[in-house]
Every structure is written in C-alpha cells, then in structure tokens.
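Thanks for coming, everyone. I'll keep this brief. Let me put the chain on the screen and walk through it.

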Amino acid sequence: PLQEIAYRVLIKFAHNMDKHYNVSDDCIGCGICKKVCPVGNVDLDDNNIPCFKHHCEQCVACIQYCPKKAINYKNKTQSRRRYTYPGIKYTELAEMNKND
C-alpha cells in the first residue's frame, strides 16, 4: 500500500531530522529534554544547552516537554501549543528511559 511505501521512505530520514531542531535563548538548562528522550538522542553541552546526536526517532518529547518552549523544529513550532499526555509526568518518562 501507499502508506507503507511512504513510511519506509520517511523512516530512512527520521533519525537525521533533528538537525533542524534549534534551541532558543529561553532554554534554562533544566535537562528535561535529555531525560524524556527514549533513545538517548539528547546530550547537554558545558552550558547545559541541548545537543542532538542524529539518531532521533521523531517522538518530539524533547519539544513537547520543554517547560520554556525553547526547543523547536525549524521555525514551525515556536508559537504552537505543546502537548503532553496528562496521565504521565516527565519524571516517569525519565525513570523509564534512564537518561540522566
């Protein structure tokens, strides 16, 4: 089916799409982005600013859980609402991911 073909094409590029992520000056260096990433794709530099390692799975948890909306995709997400499932806190995700 067409959906399956589209998925196979897109999945080849997903891991590298984080090169379009950017971090604004609003970042407070809290590290939540690193903690919620299920694949350990986020590191923090010496100033606690997120850096992306290009093995992203596009779950966008780093974008959604950022308390300051400092992580964005290109110029598309700055003014959009963020969504996090109300039934789980970022601390629970961090515990599951073990990304300290």
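**The aromatic cluster**

Tyr21, Phe52 and Tyr73 are linked into a cluster by ring pairs. Before the details, the ground rules. This is a predicted model, where local features need pLDDT of at least 70, side-chain atom pairs count only at pLDDT 80 or more, and totals for chains, interfaces and linings use all residues. Residues are numbered from 1 along each chain as its sequence is written, and side-chain values use heavy atoms, with hydrogens and water left out.

Now, what counts as a pair? Rings of Phe, Tyr and Trp (its six-membered ring) pair if their centres lie within 6.5 Å; planes under 30 degrees apart are stacked, over 60 edge-to-face, and the rest tilted. How many aromatic pairs does this rule give? Two.

Take Tyr21 and Phe52. Their ring centres are 5.2 Å apart and their planes sit at 85 degrees, so this pair is edge-to-face. Tyr21 belongs to strand 1 and Phe52 to strand 3 (residues 50–52), so the pair ties together parts 31 residues apart in sequence. Strands here are DSSP runs of E, at least two residues; helices are runs of H or I, at least four; both are numbered from the N terminus. Tyr21 and Phe52 are both buried. Buried means under 20% relative accessible area, exposed over 50%, and partly exposed in between, with a 1.4 Å probe and protein chains only.

Next, Tyr21 with Tyr73. This aromatic pair is edge-to-face too, at 6.0 Å centre to centre and 90 degrees between the planes. Tyr21 in strand 1 and Tyr73 in strand 4 (residues 71–73) are 52 residues apart, so the pair links distant parts of the chain. Both of these tyrosines are buried.

**Out to the surface**

Ile5, Val9 and Phe13 make a nonpolar surface patch of about 310 Å². Patch residues have over 30% relative accessible area and no salt bridge; like charges are joined within 9 Å, nonpolar side chains (Val, Leu, Ile, Met, Phe, Trp, Tyr) within 5 Å. A salt bridge puts a side-chain nitrogen of Lys or Arg within 4 Å of a carboxyl oxygen of Asp or Glu. Ile5 sits in helix 1. Ile5 is exposed, at 54% relative accessible area.

There is charge as well. Lys19, Lys74, Lys76 and Arg80 gather in a surface patch of positive charge. Lys19 is in the loop between helix 1 (2–14) and strand 1 (21–23). Is Lys19 buried or exposed? Exposed, at 53% relative accessibility.

Pro38 lies between helix 2 (32–36) and strand 2 (42–44), in the loop. Pro38 is partly exposed, at 45%.

Key: Areas by Shrake-Rupley, 256 points an atom, 1.4 Å probe, with all protein chains shown as cover. Lys, Arg positive; Asp, Glu negative; His and termini not counted. Charge placed at Lys NZ, Arg CZ, Asp CG, Glu CD.
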